[in-house]
Amino acid sequence: MDSFEGLGSPSSEDTLLDDAGERRALSLPTNFESSPEVVRTALNDFPDISIHTGWIPEILDDLPERKWDFVHLDTDHYVPVRDSLAYFLSRMAPGGVIVNDDYGSNFFPGARIAWDEIRARHGLAHEVFETGQAAIIVE
Ligand SMILES: C[S@@+](CC[C@H](N)C(=O)[O-])C[C@H]1O[C@@H](n2cnc3c(N)ncnc32)[C@H](O)[C@@H]1O
């Protein structure tokens with residue numbers, strides 16, 4: 001699941017104060033643009049993959065209604081981390097794992113803010129790894 005058009009517009013949570021006291025995002029909306037074809041080629045050995053192209057949260061409606069065992073979130077920005085985490089939390093299989101790739105990122109503060117807001121709301125513990133990734137195991 002990816003826009004393949006890049007990160008899109010940042011929210012205020014995705015910005016940091018610069019030396020002049022202005023809030024700025026450290027990325028551009030088009031950063032990480034790619035294409036489904038690039039991913040399909042790279043994952044050629046896995047013919048059963050499904051690629052869902054579009055913006056989160058809208059593209060979440062495109063996913064099959066099912067239980068998930070493993071979810072890896074790597075969307076950098078506040079809104080897609082918030083809305084993906086909310087979506088998958090209620091659809092995880094017992095013992096399922098959700099990883100936030102950008103939890104410890106110095107470039108993408110919104111990924112941590114969204115994750116911590118939802119963890120606090122649901123009283124969820126997590127593990128933070130040396131890589132900066134964080135993971136929730138859903139009971
Ligand atoms: C750092 S890249 C990671 C891509 C991939 N996981 C990888 O490791 O190559 C972040 C990705 O999040 C996607 N993204 C960011 N915000 C999004 C949103 N609201 N909806 C869909 N995709 C989004 C971007 O298009 C980009 O491909």
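1. Which glycine takes a positive phi in the hairpin of β5 and β6? The residue is glycine 132, whose phi is near 95°, and the hairpin has five residues between its two strands. Strands here, like helices, are DSSP runs numbered from the N terminus, with at least two residues of type E for a strand and at least four of type H or I for a helix.

2. Before going further, please keep in mind that this is a predicted model, in which local features need pLDDT of at least 70 and side-chain atom pairs count only at pLDDT 80 or more, while totals for chains, interfaces and linings use all residues. Residues are numbered from 1 along each chain, as its sequence is written.

3. On the overall architecture, the protein contains three helices and six strands, and from the N terminus on these elements follow one another as β-β-α-β-α-β-α-β-β. The radius of gyration (taken over C-alpha atoms) is 16 Å, close to the 14 Å that the globule rule gives for 139 residues, so the protein is as compact as a globular protein of that length; the rule itself is 2.2 Å times the number of residues to the power 0.38. Taken along the principal axes, the C-alpha atoms fill a box of roughly 50 × 40 × 30 Å.

4. On burial and contacts, a residue is called buried if 20 or more other C-beta atoms lie within 10 Å of its own, exposed if 12 or fewer do, and partly exposed in between, with C-beta atoms placed from the backbone. By this rule, buried residues make up 21% of the 139 residues. Two residues are in contact if their C-beta atoms, again placed from the backbone, lie within 7 Å, and among contacts between residues at least 6 apart in sequence, 65% join residues at least 24 apart.

5. The sheet deserves a careful look: four strands form an open sheet in the order β3-β4-β6-β5, with mixed pairing, where two strands pair if DSSP finds at least two bridges between them. The strands β3 (68–73) and β5 (127–128) stand at the edges and have a single partner strand each, so one side of each is left without a neighbour in the sheet.

6. Strands β3 and β4 run parallel and are joined by five bridges, and in this pair tryptophan 68 stands opposite methionine 92 in β4. Between the two strands the chain passes through helix α2 (residues 78–89), and this β-α-β crossover is right-handed, which means that, with the strands pointing away from the viewer, the path from the first strand over the helix to the second runs clockwise.

7. The other pairings both involve β6: strand β4 (residues 92–100) pairs with strand β6 (residues 134–137) in the antiparallel sense over four bridges, and β5 pairs with β6, also in the antiparallel sense, over two bridges. Opposite isoleucine 136 in β6 stands isoleucine 98, opposite alanine 134 stands asparagine 100, and opposite alanine 135 stands glutamate 127.

8. In a regular strand the side chains alternate between the two faces of the sheet. In β6, Ala134 and Ile136 belong to the covered face, whereas Ala135 and Ile137 belong to the uncovered one.

9. Some backbone details are worth checking by eye, since most residues other than glycine have a negative phi, and most peptide bonds are trans. Phenylalanine 4, in the segment before β1 (16–17), has a positive phi near 60°, and this residue is partly exposed, with 17 other C-beta atoms within 10 Å. Aspartate 76, in the loop between β3 and α2, has a positive phi near 70°, but aspartate 76 is buried, with 23 other C-beta atoms within 10 Å. The peptide bond from isoleucine 56 to proline 57 is cis, with omega near 20°, and proline 57 is found in the loop between α1 and β3.

10. Around the ligand there are 15 residues, the closest being Ser3, Phe32, Ile56, Asp74 and Pro80; a residue counts as near if its C-beta atom, placed from the backbone, lies within 6 Å of the molecule. This shell divides into six nonpolar, six polar and three charged residues, where Ala, Val, Leu, Ile, Met, Phe, Trp, Tyr, Cys and Pro count as nonpolar, Asp, Glu, Lys and Arg as charged, and the others, Gly among them, as polar.
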